[in-house]
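Walk me through this structure, please.

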Amino acid sequence: MEKACININELINVFSTKQGSIYQSDKLNCFFVDFGGKFARYNCLSLRKLKKVVEDIDIDALLLNTHKADFELVTFNGCEHIYLLNACEIVALKELLQGTFTMFKLNHLISDCLHRLVV
Amino acid sequence: MKDLMRIKCLISQDIETLLNQQIKKEAHSSSLYLSMSSWCDQNGFDFSADYFAKQSEEERMHQLKLFKYVLDMGGNAISPEVNGIKTDFAGFREVFEDALEAEIAITQSFKNIYAKCQNEQDFVTMEFLNWFLKEQREEEYKARRALELFEVIGEEGTGRWEIDKHVNKITYSEQ
Ligand SMILES: [Fe+2]
Ligand SMILES: [Fe+2]
């Protein structure tokens, strides 16, 4: 498991909800998504892809379509992780990812102000 | 905390999305012009068929230019699906009316991206877009001039034949 080889103290908690957390490792230049009983590692590209995949799920259709199971497989090509989520969990994951990316934006603004302005 | 997303990519996700939409629009334009070229060819308007075939190639080039930019900036460029291309036109004039309408829509689309860049202070993308804004000046001019031939020459008699001969000669110069 990934968990065994990383020092949890070095992880920065980017954003948390009741359902999960996303951490950043400045040392490994990657992210860890703690959600749905999984602790999964992502890089920048794959985290962005995960967000897109989750945002693209049509939750209304999932609930209204009686011919389909109310679960959705969440994964994409090149992703080592698979989530099997119901509608509520998809909403929760979406919230977690969107919150995280908002924190990235905020961090970007702060980084610009603190470190990148040449005085 | 490191600004990891920014280290990987110069443009924001919003700008990346808009640029990918533009890639799709350019691909759509390219296909539409090719469709117009086909219609003109089948109806005996050889010069116009050439003109639209050339336009189609130009739109493909625009698409690739945007595509390369998104990738160079560290973004995810998406090869677009193109569908719903109009294949039948009511007449010779309608082809040119549609062409101008399409160019106006493209100009508007670039203005919207530019506005978003201004909002985000993404001066790098704004500078990149300048080329396209200038290009639109020429594209709209040519489309408008072509349509004006219908007024100047008129469609009666050998009018359409005359218009067809002139379409290919339209050029734009800043001076
Ligand atoms: Fe174009
Ligand atoms: Fe064009």
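B:Ser29, B:Leu32, B:Tyr33, B:Met36, B:Ala99, B:Ala102, B:Glu103 and B:Ile106 line the second largest cavity of this predicted model. On a 1 Å grid over the protein atoms alone, a cavity is a set of points where a 1.4 Å probe fits but cannot get out; lining residues have an atom within 4 Å of a point. The volume here is about 40 Å³. Grid points are joined across faces, edges and corners, and a volume is the space filled by probe spheres set on the points. Two helices, α2 (13-42) and α4 of chain B, each supply at least two of the lining residues. Helices (H or I, at least four residues) and strands (E, at least two) are DSSP runs, numbered from the N terminus. By class, the lining has 6 nonpolar, 1 polar and 1 charged residues. Ala, Val, Leu, Ile, Met, Phe, Trp, Tyr, Cys and Pro count as nonpolar, Asp, Glu, Lys and Arg as charged, and the others, Gly among them, as polar.

A word on conventions. Residues are numbered from 1 along each chain as its sequence is written, and chains are lettered from A and ligands numbered from 1 in the order in which they are written. Because the model is predicted, local features need pLDDT of at least 70 and side-chain atom pairs count only at pLDDT 80 or more, while totals for chains, interfaces and linings use all residues; side-chain values use heavy atoms, with hydrogens and water left out.

The structure holds 2 cavities of 30 Å³ or more. Helices α3 (46-72), α4 (92-120) and α5 (123-152) of chain B give two or more residues each. The most come from α5(B), with 4 residues. This lining divides into 7 nonpolar, 1 polar and 2 charged residues.

Now turn to the metals. Which residues hold the iron ion (ligand 1)? Its protein donors are B:Glu26 (OE), B:Glu59 (OE) and B:His62 (ND1), lying 2.1 to 2.2 Å from the ion. Donors are N, O and S atoms within 2.8 Å of the metal (3.2 Å for Na, K and Ca); water is not among the atoms, so sites may look incomplete. Along the chain, these donors follow the spacing E-x32-E-x2-H. B:Glu26 lies in helix α2 of chain B and B:Glu59 in helix α3 of chain B, so the pair ties together parts that are 33 residues apart in sequence. B:Glu26 is buried, at 0% relative accessibility. B:Glu59 is buried too, at 2%. Buried means under 20% relative accessible area, exposed over 50%, partly exposed in between (1.4 Å probe, protein chains only).

The iron ion (ligand 2) is coordinated by B:Glu59 (OE), B:Glu103 (OE), B:Glu103 (OE) and B:Glu139 (OE), at 1.9 to 2.6 Å. The spacing of its donors is E-x43-E-x35-E. B:Glu59 in helix α3 and B:Glu103 in helix α4 of chain B link distant parts of the chain, 44 residues apart. Both B:Glu59 and B:Glu103 are buried. How far apart are the two iron ions? They lie 3.3 Å apart, and B:Glu59 bridges them.

The UniProt record, an unreviewed entry, annotates residues 9-154 of chain B as "domain: Ferritin-like diiron". UniProt positions are given in the numbering used here, feature names are shortened, and annotations may be inferred rather than shown by experiment. The span is 79% helix and 0% strand. Its end C-alpha atoms lie 53 Å apart.

Next, the pockets. A pocket is an open set of grid points with protein on both sides within 12 Å along at least five of seven lines. The largest pocket has a volume of about 850 Å³. Among its 25 lining residues, A:Lys105, A:His108, B:Ile11, B:Ser12 and B:Glu120 are closest to the centre. Helix α4(A) gives the largest share of the lining, 8 residues. The second largest pocket holds about 580 Å³. Of its 23 lining residues, A:Lys52, B:Gln13, B:Glu16, B:Asn76 and B:Ile78 lie nearest the centre. Here α2(A) gives the most, with 9 residues.

Last, a backbone detail. Most residues other than glycine have a negative phi. A:Asn29 has a positive phi of about 50°. A:Asn29 sits in the loop between β2 (20-25) and β3 (30-35) of chain A.
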